[in-house]
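Q: I'm new to this one, and I'd like to learn how to read it. Could we look at it together?

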Amino acid sequence: MPTFVENLASFLPIRVLNCFAADPTPLASPASGSFEAAVLFVDISGFTALTERLAQKGSIGVEELTTHLNAYFGQLIELIIAHKGDIVKFAGDAMLAIWPAESLSLDLATYCAAQCALAILNDLGEYQAANAQLRLHIGIGAGNLKEFYIGGTNGRWEYLVAGEPIGQVALAETAVGIGEACLSLTAWELIKDQFVGQLLASNVVRLEGFNLLKSVADRRFLNLVESAPIAIYDQMQERLERYVSLGVLQRLKVGQTDWLGDLRRVTVMFLNLPGMDYDAEGALDFISTTLNAIQNILQVYEGTLNKFLVDDKGSTLVIGFGLPPFAHEDDSVRCVMAGMALLENLRSLGLQPKIGIATGTCYSGVIGSEQRREYTIIGAVVNLAARLMQAAKDGILCDEGTFEFAKERIEFESLTPIKVKGIEEVVQVFCPLGEVRKDLPWWMAGKTEKSMVGREKERLLLGNKLEQLKAGVSGVVMICGEAGIGKSCLIENLLLQAQELGVGSLVGAGDAIARSKPYHAWNAVFSHLWDLSFLPDLETKKRQVLDLLEDEPQWLEKAALLNGVLGLDLPDTEVSAGLVGQPRAEATRDLLVQLLQDSVNRSPKLLVLEDAHWLDSSSWALILAVAQKVKRLLLVIGTRPLGEPMPEEYDRLLTTEGVEQLHLEAMPATDTRLFLSQRLGVKSLPDRLVELIEKKTEGNPFFSEELAYGLREAGVIEIHDGECRIAAGVGNLSELNFPATVQGVIASRIDRLSPSEQLTLKVASVIGRSFGFQLLRDIHPIEDDKPELPNYLMKLQRFDLTPMETPEPDLGYMFKHIITQEVAYGLMLYSQRRQVHEFLALWYERSYEELSGFYAILAHHWSKARVAEKAIFYLEKAGEQAVRVHALREAVQLFTEALEWLETLPDTVERKEQELRLHIALGAPLTAIKGYGSPELINTFTRARELAQELGETANFSPCCGGYLQPILGKEIQKQPEN
């Protein structure tokens, strides 16, 4: 088994590994160099069409696409390495390889590249994948390459190559036909005596084969020296880690080599920078400055740079928002905001960036083989983002999915739909214009909002607090609850009450994107306190603040301390300039407390801080100081359960005298019905619909509302004249998926866990809503993780994801919400799910001698593991059990599933015998449910009769089925001759 360092090494080119072996010390600054090399670029034709076709199958199609590409790339990698090539980059459905002219001369290096191209065309020229033909074309160049080691922001580095041979390859690859290889004239001149080729009108040479006489005569080409083995040792680890994606790195460190892939919703950005000159004087500095600017913006918005590609069209960067370990519920917003920031920043550097953004489900994981691989994202959404980038002239184009997810925060212009390569239908596109202007909230603007449902006890408590505040009594209330449970609605109701009572309100909120910015939640509070929000420019705001402080000299001389809160750039005085480090932080906090106290002295106020789980440490420190020192103030804080490590000030706040906590629990079923009726604008809801939503969301208002809207938009429910009904022809409601908005909330929580905790949650999700500790430990795929499982489960319990269900000795846990189980399960690749389902099924078979109590469970797990023979066996057994206890609908379902699985097996006598037995077994429950004249029963026994005749078993068939068949098919069945 490869070591951790060897696994890391497989993500980098051989040339880079040799460089790190020679000097394992991480770079302190960017570096560049040059060397001669032959370059080969191989591009797969038919991959886009295959992607679009498999995308119609949903998530499983995305994974199937990856399986085909991995199989293809695996063979391609072997051929390139066998011909002494070094794979530098994977580029979607293409690959760039080099043959450095160091141990070889440039003509020998080019010879190897050409020989490799012919081998690739011979072995992989026509490749079948999912009934589609994948073909390829190859370009070859040679000359002087530039290499760059650039980056450094937050410890992330990139290796890339550029130069004239890349342009040669692009020209040759553009001119080449499908199933052909072309060389630039420079490359051809080096090997023209050893090969046969034809000069094309585009000034490139089509490679047609070896010149056998010349190749054999030149013994240099017959005695190529074997490459020295690559030196990989532990001292290289620190430097290697800087070039590997953080999500991959975290999982490799805990032994999850086979668990690097996910199926997840991602917002993908393609960023093109045309005209970057890698040969110019000072290129290293300019390229480094450019990449650092990009990395800084991605660090703010928590996007992941997946690829940095260089070709004749400039530089293209592939960026993902929602990749591990940075999934957020607002990744589309983050991506668009990052795109706008990149546009502004890169234009200031003299560049003209083009950006395409698309949102959807994709595979995020490893592509390649154990010898050479890369972390990548694959799916139709990736192709769409690339096409939108190509269509964007000098700005940003977003797809409809991104628009839908980001429109509440970003203002867009809807553009004329466009036609893009590889997609049949026209694509609706949108251009972001900026953040939506933040007007006064509805509760301040006098707008009416739908009345709140439920939470009477909490509303009464907060109303009493407001009455006490009017009498001058301070208070602190913490409103805690998971995402979507109703904290914001309760706070909005409180603000309405305050308005009705004539109590002034100040409101601030944490922000996921700005959470590392000190005091970011307090900016809105003090801006509103001093009416800064309505002032037109920075200078006017500065004058306003200085005028307000003018009567208090001790405040005025410290005015510059407000810069960190209000962003005003006020000049330091002698007093404020002397404050640095901790004394400055304390002085800033004291000044803000005094200013707030001065305001509430004039009139008591309600101060609300929402989304406190996103607050920075400075904001928490100020909250604690305000809670302890400011009088005549009602401080209300809304927060989700905090992750670890918890802020010290938060713990101290909870122990402060007078602080009250409101823990919001699930909404009762009666309130859920009323709430959804109000949101959908109907008088009543079908019981079946309410039961489904209650079961799926378990009283979470946000999840309930989103699921109801999702069902409406999908046409599952119809609303006419205030009446709601389930649409005709709708099948099993329980199989419907959650809207992406809900999944995003849960996925972001899961991504905040460590890789080991995430894997524990995923494995548990396969077991079911409830899972025993012993079972989880026995089937967990990482042996080294098993001793740590109690700690992982304790963390999951603290995060309120999987509370304990039963104590020792039968220790068991359960998912608090079934949605968490479903989202964790949905993040797994289908191959990973099948593996765990098989582990589970085998565990039951090993653990129990008598399996009759587990037939249905075993049928489920073997079906999900896609082991047909086992699935059929247990489905039949479970069906027979269901008949015995008169669970006839379940019996029909089980026998029918067994028959569907049977169709996947080869057509043998044994299969026919089994099919006959299943059809006969299906007859009795079908007759009881559907009746003698039903089409289903006629079809079942018609097929049974055909099988009996084929097998010569009509004598055995008639006594079993004659009683059912006689009223349907007549007596002729009884008269069939025996064989």
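Q: Let's begin with two strands: in which sense do S18 and S21 pair, and over how many bridges?
A: Strands and helices are DSSP runs, numbered from the N terminus: at least two residues (E) for a strand, at least four (H or I) for a helix. Two strands pair if DSSP finds at least two bridges between them. Here S18 (residues 475-480) and S21 (residues 633-639) pair in the parallel sense, over six bridges. Cys480, for instance, has Thr639 in S21 as its bridge partner.

Q: What kind of model is this, and how are residues numbered?
A: It's a predicted model, where local features need pLDDT of at least 70 and side-chain atom pairs count only at pLDDT 80 or more, while totals for chains, interfaces and linings use all residues. Residues are numbered from 1 along each chain as its sequence is written, and side-chain values use heavy atoms, leaving out hydrogens and water.

Q: In what order do the strands of the open sheet run?
A: The order is S19-S20-S21-S18-S22, five strands with parallel pairing. S19 (504-509) and S22 (659-663) stand at the edges with a single partner strand each, so one side of each has no neighbour in the sheet. On average, neighbouring strands are turned by 15 degrees against each other, direction ignored.

Q: Which strands does helix H17 lie across?
A: Contact means heavy atoms within 4.5 Å. Angles run from 0 to 180 degrees between N-to-C directions, using axes fitted as lines to C-alpha atoms, for helices over the stretch in contact. H17 (residues 487-501) lies across S18, S19, S20 (605-610) and S21, at about 165 degrees to S20. Helix H23 (residues 581-602) packs on the sheet too, touching S19, S20 and S21, and its direction makes about 135 degrees with that of S20.

Q: How many residues of helix H33 are buried?
A: Buried means under 20% relative accessible area, exposed over 50%, and partly exposed in between (1.4 Å probe, protein chains only). Eight of the ten residues of H33 (residues 818-827) are buried, so the rest of the structure largely encloses this helix. Among them are Ile818, Val823 and Leu827.
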